[in-house]
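Subject: Structure for you to look at

Dear colleague,

Here is the structure I said I would pass on. My notes on what turned up in it follow below.

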Amino acid sequence: MSETARNIGLFGLVAALIVLTGVVQSWNTALVILNMGLVSAVMALGVNLQWGFAGLFNVGVMGFVALGGLAAVLVSMPPVGAAWAAGGGRVILGLLLGAGSIAAAIFAWRALSGRTRGVAVTAIILVGFFLYRAVFDPAVEAIESVDSASTGYLGGLGLPVIVAWPVGGLLAAGAAWIIGKIALGLRSDYLAIATLGIAEIIIAVLKNEDWLSRGVKNVIGLPRPVPYEVDLQQSDTFAERAMSLGLDPVTASGLWVKANYGILLAIVLLIVFVLAQLALASPWGRMMRAIRDNETAARAMGKDVTRRHLQVFILGSAVCGLAGAMMTTLDGQLTPSSYQPLRFTFLVWVMVIVGGSGSNLGAVLGGFLIWLLWVQVEPVGQALMSVIASPLPEGSALRDHLLASTAHIRLFTMGLVLLLVLRFSPRGLIPEK
């Protein structure tokens, strides 16, 4: 079988499984899986840029995805006027004082030397810290006390939510630049620890800084780039078209909204995939793979390895931030507590490894396949366990154990799939050429 036919067959299998989901369960469920598969494929492309192109072991994917989600709130939600009046200006002033103190400390460290440098930097940091807290803390308290049950935060800019998608990429890219400047000089295992720790810090900030993201209270009711189901149901034209197709207007409105989301997400995935392919085939892409394969030889040839690593780290993080903004828009809410490493780091890495590290087409396939399995394995496993346990008597310890095991079948399946692929196709389902 040729490589092209094999690839078409793999994608056809995933498409057939999604269609089967629509036939057996519901088309709403199938479209939900398809849409999240599109988002997962974008995330997998971002990680593939870092690991597949350059060999950077980034396990802080969750943090960059969360920053993309935050961007959706900061861009699309309307500003809360009362909160801005209560302390918005003072919060900005406090943040500027904090940033200015850090900049002044860096300047003093570079400009001075000897004992004077240490004393000056310490004095700047201490004075700047207390000044920052004196301005920032009262402002935050004032903001969070403004109708804390429903708002209690500054809100956003009130722009169309589509604008938040590239902004999410830019926000993640900015964070990646800062992180890269600090951590990219570390060895791969230390880089993994550092990125995981920084991701946890980002999530902790989102959970605790209510003035920024409402913390664990969540931000709900994000604007949509597609129509609302209620509006469609109230449209006589839409209702007539739905009835002519033999569909209930309520069911048809849900399908239409999800299909519109799918079109938007597919367009973004196509753009990111084409750009990633162009980068892979470019001299820059060949250089990145040369650095990945033999970093010492690349340095000997005069390549600035750290700079190139920073470039690809920023690009991959920006793609993850873009995917995070898309996912939050799709969910319609920002829930900081839902950003778990299991889903947003481990699962994306499984997508890249199973699909084929270094292969953009493989990353896309892995995104769809692994997300489909992640969603469907639990209900299928539960049904299977019920059949296996049905001959056992009620109250049997073995029966209870089998039925309770369905909660862990997702993790078992992910591990099993990963082991099988690494055993029989170590380079992934669609290997790098």
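Threonine 329 has a relative accessibility of 1%, and because buried means under 20%, threonine 329 counts as buried. Please keep in mind that this is a predicted model. Threonine 329 is placed in helix α14. Leaving aside residues up to four places away in sequence, threonine 329 touches Ala72, Val161, Trp165, Pro223, Pro225 and Tyr261.

Valine 39 is a second residue to look at, and it lies in helix α2. Its relative accessibility is 0%, so valine 39 counts as buried. With residues up to four places away in sequence again not counted, valine 39 touches Leu265, Ala323, Met326, Met327 and Leu330. The C-alpha atoms of valine 39 and tryptophan 371 are 9.8 Å apart in space, although 332 residues separate the two in sequence.

Overall fold

The protein has 18 helices and two strands. Its radius of gyration is 25 Å, close to the 22 Å that the globule rule gives for 433 residues, so the protein is as compact as a globular protein of that length. Taken along the principal axes, the C-alpha atoms fill a box of roughly 80 × 60 × 55 Å. Of the 433 residues, 48% count as buried. If you take the contacts between residues at least 6 apart in sequence, 81% of them join residues at least 24 apart.

Two helices with a buried side

Helix α1 covers residues 3-24, which is 22 residues. From its first C-alpha to its last, α1 reaches 31 Å, close to the 32 Å expected at 1.5 Å a residue. Asn7, Leu10, Val14, Ile18, Thr21 and Gly22 are the buried residues of α1. They cover an arc of only 130° around the axis, and therefore lie on the same side of α1. What do the buried residues of α1 pack against? Their partners are α2 (27-54) and α16 (360-389).

Helix α7 (residues 188-208) has 21 residues. The distance from the first C-alpha of α7 to its last is 30 Å, close to the expected 30 Å at 1.5 Å a residue. Buried in α7 are Leu191, Ala192, Thr195, Ala199, Ile202, Ile203 and Leu206. The arc they cover around the axis is only 105°, which puts them on the same side of α7. Ile193, Ile201 and Asn208 are exposed on the other side of α7. The buried residues of α7 pack against α3, α6 (161-183), α8 (210-213) and α14.

Aromatic rings

The structure holds eight aromatic pairs. One of them is formed by phenylalanine 64 and phenylalanine 313, with 5.9 Å centre to centre and 85° between the planes, and it is edge-to-face. This pair links distant parts of the chain: phenylalanine 64 is in helix α3 (residues 61-76) and phenylalanine 313 in helix α14 (residues 305-331), 249 residues apart. Both phenylalanine 64 and phenylalanine 313 are buried.

The rings of phenylalanine 129 and phenylalanine 130 also form a pair, with centres 5.5 Å apart. Their planes are at 75°, and since over 60 degrees counts as edge-to-face, this pair is edge-to-face. Phenylalanine 129 is partly exposed, with a relative accessible area of 40%. Phenylalanine 130 has a relative accessible area of 54% and is exposed, as the cut-off for exposed is over 50%.

Trp51, Phe57 and Trp349 form one aromatic cluster.

Charges over rings

Two arginines are worth a note here. The charged end of arginine 117 sits over the ring of tryptophan 109, at 4.0 Å from the ring centre. Arginine 423 lies over the face of phenylalanine 424, and the distance to the ring centre is 5.0 Å.

Regards

Note on methods:
Residues numbered from 1 in each chain as written. Predicted model: local features only at pLDDT ≥ 70, side-chain atom pairs only at ≥ 80, totals over all residues. Heavy atoms only, no water. Phe/Tyr/Trp six-rings, centres within 6.5 Å; stacked < 30°, edge-to-face > 60°. Helix = DSSP H or I, 4+ residues; strand = E, 2+ residues; numbered from the N terminus. Buried < 20%, exposed > 50% of the residue type's maximum accessible area, 1.4 Å probe, protein only. Lys NZ or Arg CZ within 6 Å of the ring centre and 35° of its normal. Expected span 1.5 Å × (residues − 1). Arc of directions from axis to C-beta. Contact = heavy atoms within 4.5 Å. Rg over C-alpha atoms; globule rule 2.2 N^0.38 Å.
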